[in-house]
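Please read the numbered points alongside the sequence and the model.

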Amino acid sequence: MPTRREPGDLLQGTLGILILKSLLLGPAHGYAISRWIEETTSDVLRIEEGSLYPALRRLQDRGLVQSEWGLSENNRRARFYTITTAGRKHLRNEAEVWLRYSQAVTRVLRVEPAIA
């Protein structure tokens with residue numbers, strides 16, 4: 001059973017979870033990753049470069065993603081990221097924790113008394 005975490009720890013890792021989830025579709029460069037997250041959340045979540053690239057570097061440093069240079073769809077040089085086996089395992093574990101946490105918060109928000 002996963003260990004109990006502080007809410008700040010959970011929120012800190014959220015971007016990493018979203019990035020790893022996007023990479024299940026296959027290799028992608030940073031802009032494609034951020035666009036996928038934005039489109040999937042109907043633009044509720046907007047990922048800025050200043051957050052995205054440091055998160056990708058942290059994931060790479062932890063061995064959860066790997067990268068290589070290639071050409072984007074408009075023939076520009078771009079770094080393409082791929083999820084590793086360790087990244088898939090990490091995503092499964094973290095997604096389970098996140099889903100349990102978000103379901104608990106949702107239950108609290110839906111219980112009476114109603115939010116006015």
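1. Two residues are in contact when heavy atoms lie within 4.5 Å. Of the contacts in the chain with a separation of 6 or more, 50% are accounted for by residues 24 or more positions apart. The model under discussion is a predicted one.

2. The secondary structure of the chain consists of five helices and three strands. Read from the N terminus, these elements follow the order α-α-β-α-α-β-β-α.

3. The chain has 116 residues, and buried residues make up 31% of them. Its accessible surface comes to about 8,300 Å², and carbon and sulfur atoms hold 53% of that area.

4. Helix α2 (residues 14–23) and helix α4 (residues 49–61) have axes that come within 10 Å and cross at roughly 80°. Because angles of 65 to 115 degrees count as roughly perpendicular, α2 is described as roughly perpendicular to α4. On the α2 side the contact is made by L15, G16, I19 and L20, and on the α4 side by S51, L52, A55, L56 and L59.

5. Helix α2 is largely enclosed by the rest of the structure, because eight of its 10 residues are buried. The buried residues are T14, L15, G16, I17, I19, L20, S22 and L23.

6. Which residues make the nonpolar surface patch of about 370 Å²? The patch is formed by Y101, V105, L109 and I115. Of these, Y101 belongs to helix α5 (residues 85–110). Y101 has a relative accessible area of 31% and is therefore partly exposed, and patches are made of residues with over 30%.

Notes:
Residues numbered from 1 in each chain as written. Predicted model: local features only at pLDDT ≥ 70, side-chain atom pairs only at ≥ 80, totals over all residues. Heavy atoms only, no water. Patch = residues over 30% accessible without salt bridge, like charges linked within 9 Å, V, L, I, M, F, W, Y side chains within 5 Å. Areas by Shrake-Rupley, 256 points an atom, 1.4 Å probe, with all protein chains shown as cover. Salt bridge = Lys/Arg side-chain N within 4 Å of Asp/Glu carboxyl O. Helix = DSSP H or I, 4+ residues; strand = E, 2+ residues; numbered from the N terminus. Buried < 20%, exposed > 50% of the residue type's maximum accessible area, 1.4 Å probe, protein only. Axes fitted to C-alpha atoms, helices over the stretch in contact; angles between N-to-C directions. Parallel < 35°, antiparallel > 145°, perpendicular 65-115°, else oblique.
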